[in-house]
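Have the structure open and follow along.

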Amino acid sequence: KQQKSRLLIDDACMLLLNSADKINLQQLARHSCLSTKQLERKFKERTGVNPKLFERIIRFDRAFRLKNSNPQMDWLRIAVECNCHDYQHLVKEYKDFTGLSPNAFHEIENNAPERKFGLSEGYYS
């Protein structure tokens with residue numbers, strides 16, 4: 001039974017990771033055959049964070065990687081492609097996770113040693 005519960009939460013994580021669309025908590029709970037409260041509790045036990053924060057981390061990571069692989073892409077387009085409501089929502093995510101605005105963070109990122117050696121997101125794919 002415990003193994004089945006872990007698999008349901010793992011499936012929920014994978015659904016969040018692989019989905020291009022926004023998934024609300026009720027849909028995720030329904031997919032996992034759990035109530036929303038059970039899902040939140042079991043998700044936090046399994047991953048250490050609640051589903052909402054997990055989704056925010058995924059959205060931030062997508063935006064970060066998208067900007068690194070497409071430096072010419074503007075921030076509004078990145079925000080839309082990463083399911084942010086608008087550019088200001090993306091700025092808030094960046095400030096929450098890094099303490100910096102997207103431009104300031106990527107300016108530092110562009111000066112990282114990996115970039116000086118020619119390594120970028122496109123290099124790893």
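## Two loop residues with positive phi

Start in the loop between α2 (25–32) and α3 (36–47), which is where cysteine 33 sits. Keep in mind that this is a predicted model. Cysteine 33 isn't a glycine, yet its phi is positive, at about 60 degrees. Most residues other than glycine have a negative phi. With a relative accessibility of 66%, cysteine 33 counts as exposed, because the cut-off for exposed is over 50%.

Asparagine 83 has a relative accessible area of 22%, so it is partly exposed.

## The cavity

Asparagine 83 also turns up in the lining of the largest cavity, along with Leu16, Ser19, Asp21, Lys22, Ile23, Glu55, Ile58, Arg59, Arg62 and Cys82. The count is 1 cavity of 30 Å³ or more, and the largest cavity holds about 100 Å³ of space.

Which helix gives the largest share of that lining? That's α4, with 4 residues. By type, the lining splits into 4 nonpolar, 2 polar and 5 charged residues.

## Where α4 meets α6

Helix α4 (residues 51–69) and helix α6 (residues 87–98) have axes that come within 10 Å and cross at roughly 105 degrees. The two are therefore roughly perpendicular to each other. On the α4 side, the contact is made by Leu53, Arg56, Ile57, Arg59, Phe60, Ala63 and Phe64; α6 brings His89, Leu90, Glu93, Tyr94, Asp96, Phe97 and Thr98. The contact residues come out as 8 nonpolar, 2 polar and 4 charged.

Methods: Residues are numbered from 1 along each chain as its sequence is written. This is a predicted model: local features need pLDDT of at least 70, side-chain atom pairs count only at pLDDT 80 or more; totals for chains, interfaces and linings use all residues. Side-chain values use heavy atoms; hydrogens and water are left out. Axes are lines fitted to C-alpha atoms, for helices over the stretch in contact, and angles run from 0 to 180 degrees between N-to-C directions. Angles under 35 degrees count as roughly parallel, over 145 as roughly antiparallel, 65 to 115 as roughly perpendicular and the rest as oblique. Contact means heavy atoms within 4.5 Å. Ala, Val, Leu, Ile, Met, Phe, Trp, Tyr, Cys and Pro count as nonpolar, Asp, Glu, Lys and Arg as charged, and the others, Gly among them, as polar. On a 1 Å grid over the protein atoms alone, a cavity is a set of points where a 1.4 Å probe fits but cannot get out, and a pocket is an open set with protein on both sides within 12 Å along at least five of seven lines; lining residues have an atom within 4 Å of a point. Grid points are joined across faces, edges and corners, and a volume is the space filled by probe spheres set on the points. Buried means under 20% relative accessible area, exposed over 50%, partly exposed in between (1.4 Å probe, protein chains only).
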